[in-house]
Amino acid sequence: MTTYTETDVFEEHRPVLLGVAYRMLGRVADAEDVVQETWLRWSNADRSEVREPRAYLVRVTTRLAIDRLRQVKARGETYVGPWLPEPYVTDFGDAVPDTAERAVLADSVSLAVLVVLESLSPLERAVFVLREAFGYPYTEIAAMLDRGEAAVRQLAGRARKHVDERRPRYEVDPVQRRDLTERFLAAAAEGDLEGLMSLLAPDVRLVGDSGGKAKAPVRVLETADKVGRFLIGAAQKGAADVSFRFLEVNGGPAVLVHSGDKPDSVFQLDVLDGRIQAVYIIRNPDKLTSLATA
C-alpha cells in the first residue's frame, strides 16, 4: 500500500500552479521561483488545517505572484525595444481533452493576451487569470485574495473590459496556424517576397523582442511591405548553421531557431481570415535559456 505524501499532493497540482504564476508574471524563471516558494510554504504548513489542498496552493501561489509583480512594477525597469513574454512551452496533451477548454487555456497564455495583461494592476491581473483562464467562481477568488465578492466582481469587470478593448483578434486553430507558419518559413527562406506578401495581412505587425541584447527591430514594424522586406532581408543575412524545429509555445505552434547548438530565436504568428496578422520574434537570449533543452 503506497502512502500519498505531501510531495505527491504538491506535484499533482504543480502544472496548475506554474500556469497561474506564469500568466501572472509572463516570465518562466519568476514563475518557477514562485512555485518553489509555494512548495516551501506547503512543506512547512500545518496540513491538518488545510481542507482543500488545491485551493490552498493556488491561493499561496497567487499571493506570491502578486507580491513579485508589485516588486517588478515598483522597480520601474526600462526595457530596450518592444517587450514580449518569455516563451512558455505548453503541451496540454490528453490532460485537457475538451476542445473548448483547450481554446480558453491557449488564449489565456497567448503572447498577444499576456502583453495586454502587463498593463493591468497586479490585483486585476490575478482576478482575470483566476476567473478567465481557470474558471474559479468569484466567491473562491474573493477568499484567495481576502477581498469582498463585490470588489472582486468590479476588478474582473474592469480587467475584462480592458483586455477586450486592447487584445487583437486572431484564430487559435493550430492546424491553420501551423500551415501558414510552414508556408511563411518556406517563403522567407527562399527569398520569395511575392509569396511572403501573399500570406501577410495589409496591416500586419512585427514585434521583435531583443532587450537590446541581439539584433531585432527597436520599434514595431507595420504594413505588409515593411514586414515582408524586413523578413526577406533578415533571412538573407541569416546566422550560420541554422536549424528549425516546431514546438508548441504559449498555446500555439511556434518555430524554435537554433544557431549551432544554441537557441537563436523563437517566432510565432497570429492568424485571422487566412492571413498573418502579427509576427512575434523573441531574440533576447535571457528569454531563450529555458528552451535550450526543449
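A search of the whole structure finds 22 salt bridges, a salt bridge being a side-chain nitrogen of Lys or Arg within 4 Å of a carboxyl oxygen of Asp or Glu. The model is predicted: local features need pLDDT of at least 70 and side-chain atom pairs count only at pLDDT 80 or more, whereas totals for chains, interfaces and linings use all residues. Residues are numbered from 1 along each chain as its sequence is written, and side-chain values use heavy atoms, with hydrogens and water left out.

**First stop: Glu118 and Arg27**

Select Glu118 and Arg27, whose side chains form a salt bridge with an N to O distance of 3.8 Å. This pair links distant parts of the chain, 91 residues apart: Glu118 belongs to the loop between α5 (111–117) and α6, and Arg27 to the loop between α1 and α2 (28–44). Helices here are DSSP runs (H or I, at least four residues), numbered from the N terminus. Arg27 has a relative accessible area of 19% and is therefore buried (under 20% is buried, over 50% exposed, and in between partly exposed, with a 1.4 Å probe and protein chains only).

**Second stop: helix α8**

Next, display helix α8, residues 149–166, in which Arg153 and Glu149 lie 4 residues apart, about one turn of the helix. Their salt bridge brings the closest N and O atoms to 3.1 Å. Arg153 is partly exposed at 44% relative accessible area, and Glu149 is partly exposed at 31%.

Then select Glu165 and Lys161, also in helix α8 and 4 residues apart. Their closest N and O atoms are 2.6 Å apart in a salt bridge. Lys161, at 51% relative accessibility, counts as exposed. Elsewhere, salt bridges that share partners join Arg27, Glu118 and Arg125 into one network.

Finally, show helix α1 (residues 6–25) with helix α6 (residues 122–133): their axes come within 10 Å and cross at roughly 135°. Axes are lines fitted to C-alpha atoms over the stretch in contact, and angles run from 0 to 180 degrees between N-to-C directions. The angle makes α1 oblique to α6; under 35 degrees counts as roughly parallel, over 145 as roughly antiparallel, 65 to 115 as roughly perpendicular, and the rest as oblique.

To view the contact (heavy atoms within 4.5 Å), select Val20, Arg23, Met24 and Leu25 of α1, together with Pro122, Arg125, Ala126, Val129, Leu130 and Ala133 of α6.

Note on methods
Helix = DSSP H or I, 4+ residues; strand = E, 2+ residues; numbered from the N terminus.
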